[in-house]
Amino acid sequence: MTGRTETLRLPTVQVGSFLRSRAFARVALSILGGLSFLGLWAALSEWKFEPVVLPSPFAVVENMRVLLSEGLVVEAFLKSLQKTLMGWGAAMLLGIPIGLLMGRYRYARAFFHDFVYLLANVPLVVYAVISLVVFGISDIGPAFVVMLLVLPAVSINVAAGVASADQGILQMSRAFDRRASVVTRWVIVPSVLPFLLAAARVSFADSWKLEALTETFGSASGVGFQIHKAFTVFSVLDALSWMMFFVIFVIVVERLLLAPAERRIFAWRNPGGATES
Amino acid sequence: MATAERSIEELPGFDPRDAEGAVEAIETADPLEPSSRAHGLWRALTSDIAAVWTARILAVLLWALAGSAIDRIPGPVEVIDFLTEHSDLLWPNIWVTIKSALWALSIILVAGTLLGFAMGRWWQIRYFFTDLVMVGIALPAFIWALLAVMWWGFDDIGPIFVACVSATPMLIVSTRQGAQSVDGDLQKMSTAYRVPVTRQFRQLVLPTMSEYIIAGFRFATLAAWGAILLVEFFGSEEGIGFQANYWYDAGSFTGMISWGFVMLVIIVAVDKLLMEPALRRARRWRAESTAWSL
């Protein structure tokens, strides 16, 4: 009982020590880091370069506000997201069976090894070029190359998920004559799912970058198309604004969607929950 | 360990760019059905090497098939023909790209390891830069490339600049993890026994960090190739990327794909012949030391 009253008093007492704590220093330092970068940028645009060459951060924020109010941004992002998700869907359809084979059979592992390596090591530009060559200016091109890019991540991680399935439980299911469908549902799927999410986290940013890049090469819609438009009229201001939107989108999806979802779905594996480094 | 550079959150998940490491991890987790149990011809056909070569031959056949079935896609024969026909262009342009890469990679290596080490060693510096590095990783190289073309036109600095800004954050993250994973107890003990700092660095810090640095540098190299190629494509008068763009403007898909193929060969060659052996070397002591501690 006494312990409880003590914990109730903690917040009010600790304000002073919080200001001196590591957690506060952490927040303060990271804000300081961001501010000094913005300061450097503002100083460079103020004294070193013309505003046409390097607009100030304030001008970029203002421009972002205008773009946002025009409704252009949301439309472009939705369009790009749609193509990216199409690519991801196709990659799942193809990658999951390949991953299952790779996790189960040594032969499949060796067979697909080079494909996985090669597809993951092709530079994004080459993918964009392939899209342009094969599909011309179309919506399928970006989706297709996103599939190629994501495929290795999906297969490798599904394979790792299969391998991580508890061998003891698998043997026991065999001993007790459980049907394959039951084993799949209750042993394989729960082992593989977290790894699928890991695949999403590992290659979400890259797939998104590739999608936009492919759009700059040959597309009539989406984020990449808008960025290309900024480039053709030589507007550094627009390019920087889109760059900021891009970064915000990637960080929001990774930090607020994928990472927490993954931590939650992996939680059953380490009940201590100490995943933060 | 294989994917140390990517998992900022310390969550499991494999990066396919390190297929070797991922497959190794899968095999150690689940050493099932060794194919060596089979016999004779069957055994030879299902061996790892046979599987790898079956896949390679099938891939070339598939490419040839796609090339002959679809007009727009050039097959392997056409690509080889094109490259032999334009072999005089090959070396000068490759050299331009490699020169940019050498410059960029030197800068990346110095800046990335220094900043990464500082971030791992001192928490103030770590917190100061963590968010900036995260933004740096999220920034797409192709927007940097477009900006570089707008800023410098056809200058040589463009490719080097874009490669540095887009690849250095990857090396920083990896090096930081390496610096943080240096054994603190051992370090304290060495200090207590007055082991000279230089020897501490050579025998404790460096061996721990080298693996992380090389793994990070490997991914940074890959990113740097891509960045250089992009800038050359959008605004340059020489280099592999420029050639790809040139042939695209000339309406030759064969030329475009051929130059892409050249780049791919260089990337794979550098990775397989330089990076992988270096990484294996850097990881070797770990296997020996665990064997010793068991």
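What percentage of the 294 residues of chain B count as buried? The share is 41%, a residue being buried if 20 or more other C-beta atoms, placed from the backbone, lie within 10 Å of its own. The structure is a predicted model, in which local features need pLDDT of at least 70, side-chain atom pairs count only at pLDDT 80 or more, and totals for chains, interfaces and linings use all residues. Residues are numbered from 1 along each chain as its sequence is written, while chains are lettered from A and ligands numbered from 1 in the order in which they are written.

Confidence is given for the complex and for each residue. The predictor assigns the complex a pTM of 0.83 and an ipTM of 0.80. For chain B, the mean pLDDT (the predictor's confidence in each residue, from 0 to 100) is 84, and 89% of the residues reach 70 or more. Within chain B, confidence is highest in helix H5 (residues 87-121), at a mean of 93, and lowest in H1(B), at 74. Over residues 1-10 of chain B, pLDDT stays under 50.

Chain B contains twelve helices and zero strands; helices (H or I, at least four residues) and strands (E, at least two) are DSSP runs, numbered from the N terminus. Of the contacts in chain B with a separation of 6 or more, 69% are between residues 24 or more positions apart. Two residues are in contact if their C-beta atoms, placed from the backbone, lie within 7 Å.

Chain B is divided into domain 1 (8-75) and domain 2 (86-293), with bounds from an automatic or database domain assignment. The C-alpha centres of these two domains of chain B are 26 Å apart. Five residues of domain 1 of chain B are in contact with seven residues of domain 2 of chain B. The side of domain 1 that touches domain 2 has three charged, two nonpolar and no polar residues. In this classification, Ala, Val, Leu, Ile, Met, Phe, Trp, Tyr, Cys and Pro count as nonpolar, Asp, Glu, Lys and Arg as charged, and the others, Gly among them, as polar.

The contact between the chains takes 66 residues from chain A and 63 residues from chain B. Helices of chain B that each supply at least two residues of the side touching chain A include H3 (48-69), H10 (197-234) and H12 (253-293). The largest share of that side, ten residues, comes from H6(B). By class, the side of chain B that touches chain A has 42 nonpolar, nine polar and twelve charged residues.

Terms used:
Buried ≥ 20, exposed ≤ 12 C-beta atoms within 10 Å, placed from the backbone.
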